[in-house]
Amino acid sequence: MDCSQIRDAFISGEPLPEEQVKEHLASCAQCRALYAHGAALGQRLAAQAAEVLALEPDFFGQIEQKLEHEVGFRAWLRSRPTRVRFAAAVLLLLLLVVVGGVLRHRADFSQYPLPRVGLLLCVYLLAIVLAFGHELSESPRPNAVRDYAGLLVFGLAVPILAAFAPATEVSRQAGAEGALGCFGYGALFTLPIAGLLWALDRDERPSIRTVCLCAAALGLSANLLLELHCGNGNPVHVLLGHASLGLAWLLAWATARRISRA
Amino acid sequence: MLAICAPVPSDEQLMAAYIAGDKAAFRELFRRYSPLLQRAMARDLRSLEEANDLVQQTFLHLHRSRLDFEPGRKLKPWIFTIALNLKREYFRRNKRRHETSLDDDRVPEPFEGPRGQERSDAAREMARALQALPAEHREVIELHWFGGLSFPEVAEAVGSTVAAVKVRAHRGYVALRARLGEGSPDPEAMHEGKPSVAESK
């Protein structure tokens, strides 16, 4: 005997074998609570569970109508299995980082310390993979704040650390100029990823969680790209031109969300 | 005669049929799940329309996620995971605080039940007591009692362990009893009280 059988018996009124009930109650605190004081709680819960609510007459027809609109490229894309959607997002990101890095890589690229690039690649990719994986899956989301707060802190901390971390061969003497160019370059390369993430999202309206996770992923993607592109290690330049991309994406998605709600 | 003897397809078989393109299977899933989902949704919402909207969204999401459904997996906790995510997002979007404490007497009036049907005072009191529970306790009790999920299924739907959801259910029951004026649990009385459902009825 298990708790579900006890519940079903309360709801249906069907009697259960007494010995088995006793045996179950001896080891089950929650069912004992149902039976206490004349089983009042069990009976009251059963009465609530037996309530029948009214469905609108053409309720299924309304759903069928909405399903008829589920056609086209976006409908096809967001109905792909999660692993496919996840792979598509990460592959596009890697493709853009590689293309961007090959097209215009930093002047001191040959002297760039390999351990630093390896470390940065690993840290950024891990964060991006976590953000994408978390966002695209159908896992339970009992506490969104706890879910994405860590990622957001990470997303903000990494570029700041990158800006102030000691780096060989990086010109700290350079000025903050060119930050706007870097910002535009990063934004341009992450634009296709933003579009793909929007297309892959299954929710009718983007949630706060979606906005934050996508912004974190896009900001980190842009930072990864700019790390290969720009040798200017001036902290102001890095914070304004590189790290600000995450914030910019957050504002852009939040604005789009507000407009879509209006 | 053969039709009468034909076994009723399981939820998982229906889902597999729907993935393979059988639209009638989707209709049957809707018939089975819409009352459960509606009851689970309506508890926290102020109107049946809001609950129905979330039920609709759940089925749309089910359609979009159908290729994620893996053979061997149970359908019920999976659908309820989708529904719970949508409900939580609904509350966040509407900035409505639905996590209340037992000490808070300003509990919002819960959904009033079917149209044109008066709820008894006892039912109303029970609904309000449920509404006043902390969200994590209420969620487990509602899924178990109104969604028809077993505790292992509840654990899967909320992303927790079976032991944890049982503890939450127990705390919820104790709090409900206190709220309903049944006093604190008395282990002796519990054993001596109503040993079988048949007797308790």
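The model is predicted; local features require pLDDT of at least 70, side-chain atom pairs count only at pLDDT 80 or more, and totals for chains, interfaces and linings use all residues. Residues are numbered from 1 along each chain as its sequence is written, and chains are lettered from A and ligands numbered from 1 in the order in which they are written.

For the complex, the predictor reports an ipTM of 0.74 and a pTM of 0.76. Confidence in chain B is highest in helix H2 (residues 11–19), at 91, and lowest in helix H10 (residues 187–192), at a mean of 41. The pLDDT is below 50 over residues 97–110 of chain B, a stretch with 21 contacts in the model beyond near neighbours in sequence; two residues are taken to be in contact if their C-beta atoms, placed from the backbone, lie within 7 Å. Residues 184–195 of chain B also stay under 50, and the model has 26 contacts for them beyond four places in sequence. Where pLDDT is low, the predicted coordinates should not be read in detail.

Chain A contains 11 helices and 0 strands, and chain B likewise contains 11 helices and 0 strands. These elements are DSSP runs numbered from the N terminus, with helices (H or I) of at least four residues and strands (E) of at least two. Of the 262 residues of chain A, 34% are buried, while buried residues make up 42% of the 201 residues in chain B. A residue is buried if 20 or more other C-beta atoms lie within 10 Å of its own, exposed if 12 or fewer, and partly exposed in between, with C-beta atoms placed from the backbone. Among contacts with a separation of 6 or more, residues 24 or more positions apart account for 87% in chain A and for 61% in chain B.

Chain B is divided into domain 1 (10–98) and domain 2 (120–183), with bounds from an automatic or database domain assignment. The C-alpha centres of the two domains of chain B lie 20 Å apart. In chain B, 11 residues of domain 1 are in contact with 12 residues of domain 2. On the domain 1 side, the elements giving two or more residues are helix H3 (23–42) and helix H5 (75–94) of chain B, and H5(B) gives the most, with 5 residues. By class, this side of domain 1 of chain B has 5 nonpolar, 2 polar and 4 charged residues. Ala, Val, Leu, Ile, Met, Phe, Trp, Tyr, Cys and Pro count as nonpolar, Asp, Glu, Lys and Arg as charged, and the others, Gly among them, as polar.

The contact between the chains takes 61 residues from chain A and 62 residues from chain B. Helix H4 (residues 48–64) of chain B gives the most to the chain B side, with 9 residues. By class, the side of chain B that touches chain A has 28 nonpolar, 19 polar and 15 charged residues.

Helix H3 (residues 29–49) of chain A packs with helix H6 (residues 121–131) of chain B at an angle of about 95°, their axes being 10 Å apart. Axes are lines fitted to C-alpha atoms, for helices over the stretch in contact, and angles run from 0 to 180 degrees between N-to-C directions. H3(A) is therefore roughly perpendicular to H6(B), a term that covers 65 to 115 degrees. Arg44(A), Ala47(A) and Gln48(A) of H3(A) make this contact with Ala122(B), Ala123(B), Met126(B) and Ala127(B) of H6(B).

Conventions
pLDDT is the predictor's confidence in each residue, from 0 to 100. Angles under 35 degrees count as roughly parallel, over 145 as roughly antiparallel, 65 to 115 as roughly perpendicular and the rest as oblique.
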